[in-house]
Amino acid sequence: MKKILSVITAFSCALAAAGCGKTQKPQDEAEIVTENDVIAEYIPTEVDISSEILAYIKDFDGYAAVLDEVELVSVPSDRAAELKIEDEDAPNGIYVHNSDLIEVRYDLADDCEIVILDWENSYEEKSIISEDFAELLRERGEEDALYKIEINNGKIVSITEIYMP
């Protein structure tokens, strides 16, 4: 009899504990979260944030790039007037505006695509691997080529050299 009573008591306690979980709240009701609450289900494991910038590559080691973001400004335009850029500042009608010299380091995604312009072959596009790109940048030295950089989830997924006449 004691065994049956013990089993019934244990079963009752288990049912009571199961009923102590969170209850569903209406969708429009705000949730109040304190520092003691476990909120792991509300923290995304991966946020899909994508952006595309124009930048000079200041350093590149095959695994990461240090970028200096710039803006292309058509001259004449409202933006050029706002920045007080004159026609003589942009003889080809495009001005590379670098308002600040902030350099930011980004890691490369494992499958980063790199497309350069072959300066010795009529500026044709050419895909290369990151190690070859690092070597090419060393060979070019101080030449500031402009690149379109695609960033996804904080990593560079694409580097494409931009033709600047």
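**Close-up views of a predicted model**

At 40% relative accessibility, Tyr 123 counts as partly exposed, because that value falls between the 20% and 50% cut-offs. The model shown in these views is predicted.

**View 1. Tyr 123 and Tyr 163 form an aromatic pair.** The search of the whole structure gives three aromatic pairs. Tyr 123 lies in the loop between β4 and β5 (124-128). Tyr 163 lies in the segment after β7, 40 residues apart from its partner. Tyr 163 is partly exposed too, with a relative accessible area of 49%.

**View 2. Phe 133 and Tyr 147 pair edge-to-face.** Their ring centres are 5.6 Å apart. Their planes stand at 85 degrees, so the pair counts as edge-to-face. Phe 133 belongs to helix α3 and Tyr 147 to strand β6, 14 residues apart. Are these two residues buried or exposed? Both Phe 133 and Tyr 147 are buried. Together with Phe 60, they make one aromatic cluster.

**View 3. The largest nonpolar core has 21 residues.** Ile 57, Phe 60, Phe 133, Ile 149, Ile 156 and Ile 159 have the most contacts inside this core. Elements that give two or more residues include β1 (50-60), β2 (64-74) and α3. A second, separate core has five residues, among them Val 73, Val 75, Ile 85 and Ala 90. Back in the largest core, look at Ile 149. Its contacts include Ile 53, Ile 57, Leu 67 and Ile 156.

**View 4. Ser 130 sits in helix α3 (residues 130-140).** Ser 130 has a relative accessible area of 14%, so it is buried. Its side chain makes a polar contact with the side chain of Glu 131, at 3.4 Å.

**View 5. Strand β2 pairs with β1, β4 and β3.** β1 and β2 run antiparallel over six bridges. They form a hairpin with three residues between them. Gly 62, in the turn, has a positive phi of about 95 degrees. Which residue of β2 stands opposite Asp 59? That residue is Val 66. Val 66 also stands opposite Arg 105 in β4. Five bridges join β2 to β4, again antiparallel. Four bridges join β2 to β3 (residues 94-97), also antiparallel. There, Glu 71 stands opposite His 97.

**View 6. A charge sits over a ring.** The charged end of Arg 140 is 3.7 Å from the centre of the Trp 119 ring.

Notes: Residues are numbered from 1 along each chain as its sequence is written. This is a predicted model: local features need pLDDT of at least 70, side-chain atom pairs count only at pLDDT 80 or more; totals for chains, interfaces and linings use all residues. Side-chain values use heavy atoms; hydrogens and water are left out. Buried means under 20% relative accessible area, exposed over 50%, partly exposed in between (1.4 Å probe, protein chains only). A polar contact is a pair of N or O atoms within 3.5 Å; within protein, one must be able to donate a hydrogen and the other to accept it, and residues adjacent in sequence count only if both atoms are side-chain atoms. A nonpolar core is a set of buried Ala, Val, Leu, Ile, Met, Phe, Trp, Tyr and Cys residues joined through side-chain atoms within 4.5 Å. Contact means heavy atoms within 4.5 Å. Two strands pair if DSSP finds at least two bridges between them. Rings of Phe, Tyr and Trp (its six-membered ring) pair if their centres lie within 6.5 Å; planes under 30 degrees apart count as stacked, over 60 as edge-to-face and the rest as tilted. A charge sits over a ring if NZ of Lys or CZ of Arg is within 6 Å of the ring centre and within 35 degrees of the ring normal. Lists of a residue's contacts leave out its neighbours within four places in sequence.
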